[in-house]
Amino acid sequence: MKADPAAVATGVHFIDGNEACAEGAIAAGCRFAAGYPITPSTEVVEHIAKRFPKLGGVFIQMEDEIASSICFQGAIWGGMKAMTVTSGPGLSLMMEHVGLAAMTETPSVFVDVQRGGPSTGLPTLPGQQDVMQVRWGSHGDYEVIALAPNSPQECFDHIITAFNLAEQYRVPVFFMMDECIGHMLGKVRIPEANQIDVRERKFTERPPGQYLPYEIYSGDQPEMVRAGMGYRIHTTGLTHDARGYPEMNAQAQDKLIRRLCNKVLDHTEELTLCESDQIDGSDVTIIAYGITARVAAYAVEQARQQGLKVGQLRLITLWPFNDRLIRDVAQNTRSIIVAEMNLGQMVHEVRRAVGDKVPVHLIDSAGGAIIEPETILAKIKEVVS
Amino acid sequence: MSDAPTNSTPTNPVEKLLRMERIPHIWCPGCGVGTSVNCFARALDKTDIDYDNLHVVSGIGCTGRVAGYVNVDSFHTTHGRAIPFATGLAIARPEAKVVVYSGDGDLFAIGGNHLIHAARRNIDMTVICVNNFTYGMTGGQVTPTTPYSAKATTTPYGNFEDTFNLPNLVESCGAVYVARWTVYHVRKLIKSMTKALNTKGFSFIEVIAQCPTLYQRRNKLGDGVMALQYYKERSTVQNGAPTVDVGLDYQSDIIVGEFVDKPRPTFMDKYNTRMTEILGNKFVPYEGVK
Ligand SMILES: Cc1ncc(C[n+]2csc(CCOP(=O)(O)OP(=O)(O)O)c2C)c(N)n1
């Protein structure tokens with residue numbers, strides 16, 4: 001399917017990441033959003049609130065993020081494409097419903113414009129401290145998909161990816177922006193609608209009576225329906241069988257939870273979006289994501305001008321984490337620096353994947369200001385010397 | 001279960017609504033939740049609602065299990081959050097009737113904030129609250145409806161907090177239809193449920209029901225039959241009673257009836273009106289998923 005030409009704001013715009021994210025969601029077919037204001041994410045829903053009434057969409061400002069994060073799931077089961085948008089404290093409130101979306105296999109998009117935490121922390125300043133929370137924040141074992149854009153253009157492009165992946169995998173998909181990317185103004189080229197691939201929700205073709213909402217008929221995904229199609233489905237956050245009925249015992253749990261995890265993990269390669277540059281034969285490779293990767297690119301350029309052999313890997317897909325990708329980097333470089341705006345989150349994943357093959361260094365930050373290119377350059381020099 | 005004839009036409013209205021393959025249910029002998037479901041099935045039968053366009057949403061609790069037994073599109077959500085889920089569903093499905101069926105703790109303790117806002121917004125849904133004065137599912141703790149002095153596991157010396165008067169609270173927040181019955185009043189409850197189901201906007205029914213296993217037993221109030229006897233002897237029907245006067249005390253008289261019936265535009269009515277006024281022909285109303 002292609003995007004709806006009546007909705008897509010085709011053209012070249014000078015807008016910030018938050019607005020680009022809103023426009024991308026619209027292009028992806030999102031017509032319902034529930035949210036609660038929170039800096040630095042609010043502009044996303046403000047823009048949505050302005051645009052939706054002209055597009056047959058509905059935005060509702062809920063009473064809190066707990067409500068927002070389940071209200072949009074109600075709309076999804078009603079057949080709409082929908083999202084919720086938040087930042088740190090709101091994300092914390094949403095955690096129970098991340099688990100619900102994982103358990104009920106609801107194709108849901110959570111936009112998280114990250115700020116410094118914990119608690120109220122730094123409302124107006126950036127951080128990358130939610131990376132582990134989106135992965136582990138809800139109780140129990142589950143898998144999610146998380147993408148980190150690094151420019152307003154990518155906010156547009158990859159929120160569409162996020163919606164498409166949500167439909168394909170039926171999992172919570174996190175769109176991990178940060179204050180810098182959200183408020184960064186930049187040129188955003190919005191293509192013609194017929195250039196934008198949109199994945200429609202695929203409803204079952206089986207007739208009622210020959211369909212179970214959580215049966216695997218082919219592949220590793222159940223087939224979806226929406227309320228009102230005559231299938232009389234039941235969904236529950238309880239451990240359930242193929243009918244969606246509660247079945248609470250260790251065997252049913254094992255079967256369901258492994259399937260929910262594996263339907264993501266088994267597709268890690270297809271889900272991996274990244275950019276790598278001059279890693280082979282480098283003395284050091286920088287691994288970063290989001291705004292930090294953007295800064296790192298500048299530092300890497302400086303280092304290369306000074307004759308240093310520096311590679312770069314920018315992760316766009318944060319979850320599922322691709323161990324193979326990181327091991328390949330470790331094969332071809334002499335050392336790794338992970339730079340991230342937290343006190344060390346993804347570095348644990350990198351270290352786990354690399355083992356003791358090459359040393360893995362960390363440039364950390366408690367958040368509040370982007371990591372300066374000089375800091376990265378200095379670390380590169382320190383590591384290669 | 002599986003050897004039940006599949007080609008027979010069910011004549012029992014309750015059977016028509018239930019997922020018969022899930023019976024027996026989890027409710028204790030003498031519990032009032034099942035009676036309320038029986039009334040709900042009969043009420044539905046008296047409406048023109050197409051079962052394919054009826055959606056039942058529950059939170060978590062004994063009453064929260066209702067969604068699992070009704071043979072319609074049904075959603076068992078999280079504790080306290082049935083209403084916000086139903087809000088999204090009701091907006092997405094303007095042609096559907098959305099019913100929230102849950103317990104007093106689910107709707108008024110953990111879910112209280114959502115309830116007052118859905119009533120304020122006049123979201124098009126019917127909320128059925130089974131008030132058993134306790135947290136059934138978790139073993140009999142105190143709730144915002146446990147009367148003064150009643151014992152619960154977390155108020156072993158008797159409850160000392162004040163309670164919510166549910167009809168009054170819901171009316172204050174803007175509900176268009178408010179009623180209260182006990183599970184003794186099955187005919188009147190059916191009538192009220194029928195009315196609520198046929199009402200546009202946020203309608204609310206409090207169903208007072210016994211929990212013999214926890215509330216009755218801990219307070220030495222006898223079994224389910226004794227509870228029904230109390231409901232019979234101490235209830236007075238006062239349709240139109242001011243809701244401020246219908247608060248409940250421990251084993252007090254119970255005022256039941258239809259208290260509020262005053263329609264007003266729903267959330268989507270107001271959305272459409274406002275956007276049409278301001279945006280004119282630039283407004284594209286949401287008309288349901290095609
Ligand atoms: C977030 C969360 N907190 C607590 C619980 C545990 N819990 C399950 S049901 C319930 C209370 C149910 O009481 P009520 O809503 O009155 O319904 P009843 O069981 O009496 O019908 C509680 C506290 C939960 N499931 N989720």
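## Basis

The model is predicted: local features need pLDDT of at least 70, side-chain atom pairs count only at pLDDT 80 or more, and totals for chains, interfaces and linings use all residues. Residues are numbered from 1 along each chain as its sequence is written, chains are lettered from A and ligands numbered from 1 in the order in which they are written, and side-chain values use heavy atoms, with hydrogens and water left out.

## Five-stranded sheet in chain A

Chain A holds an open sheet of five strands, ordered β11-β13-β12-β15-β16, with mixed pairing. Strands (E, at least two residues) and helices (H or I, at least four) are DSSP runs numbered from the N terminus. Two strands pair if DSSP finds at least two bridges between them. The edge strands are β11 (274–277) and β16 (360–363) of chain A, each pairing on one side only. From one strand to the next, the twist averages 20°. Helix α12 (residues 346–354) of chain A packs on this sheet and touches β12 (284–289), β15 and β16 of chain A. Its direction makes about 175° with that of β16(A). Such angles run from 0 to 180 degrees between N-to-C directions, with axes fitted to C-alpha atoms, for helices over the stretch in contact. Contact means heavy atoms within 4.5 Å.

Strand β15 (residues 336–339) of chain A runs parallel to β16(A), joined by four bridges. A:Ile337 stands opposite A:His361 in β16(A). A:Ala339 has A:Ile363 of β16(A) as its bridge partner. β15(A) also pairs with β12(A), in the parallel sense, over three bridges. There A:Thr285 stands opposite A:Ile336. In a regular strand the side chains alternate between the two faces of the sheet. In β15(A), A:Ile336 and A:Val338 point one way, A:Ile337 and A:Ala339 the other, and all are buried. Buried means under 20% relative accessible area, exposed over 50%, and partly exposed in between (1.4 Å probe, protein chains only).

## Nine-stranded sheet across two chains

Another open sheet has nine strands, in the order β10(A)-β2(B)-β1(B)-β3(B)-β4(B)-β6(B)-β5(B)-β8(B)-β7(B), with mixed pairing. β10 (234–236) of chain A and β7 (235–237) of chain B stand at the edges; each has a single partner strand, so one side of each lacks a neighbour in the sheet. Neighbouring strands are turned by 15° against each other on average, direction ignored.

β7(B) pairs with strand β8 (residues 254–261) of chain B in the parallel sense, over three bridges. The partner of B:Ser235 in β8(B) is B:Ile254. Helix α10 (residues 224–234) of chain B packs on the sheet, touching β5 (177–182), β6 (203–208), β7 and β8 of chain B. The direction of α10(B) makes about 45° with that of β7(B).

Helix α8 (residues 250–265) of chain A has 16 residues. From first C-alpha to last it reaches 22 Å, close to the 22 Å expected at 1.5 Å a residue. The expected span is 1.5 Å times one less than the number of residues. Its buried residues include A:Leu256, A:Arg259 and A:Lys263. The buried residues of α8(A) pack against α4 (88–104), β7 (145–147), α6 (152–169) and α9 (268–271) of chain A.

A:Leu325 lies in helix α11 (residues 323–332) of chain A. It counts as buried, at 13% relative accessibility. Leaving aside neighbours within four places in sequence, A:Leu325 contacts A:Thr272, A:Cys274, A:Leu313 and A:Leu315. The C-alpha atoms of A:Leu325 and A:Ala353 are separated by 8.9 Å, though 28 residues apart along the chain.

## Rings and charges

The count comes to 13 aromatic pairs over all chains. Rings of Phe, Tyr and Trp (its six-membered ring) pair if their centres lie within 6.5 Å; planes under 30 degrees apart count as stacked, over 60 as edge-to-face, the rest as tilted. A:Phe72 and A:Phe110 are edge-to-face, 5.1 Å centre to centre with 85° between the planes. This pair links helix α3 (residues 65–77) to strand β5 (residues 108–116) of chain A, 38 residues apart. A:Phe72 is buried at 0%, and A:Phe110 at 1%. Ring pairs link A:Phe72, A:Phe110 and A:Phe174 into a cluster.

Two arginines of chain A have their charged ends over rings: A:Arg135 over A:Trp319, 5.7 Å from its centre, and A:Arg206 over A:Tyr217, 3.7 Å from its centre. The rule takes NZ of Lys or CZ of Arg within 6 Å of the ring centre and within 35 degrees of the ring normal.
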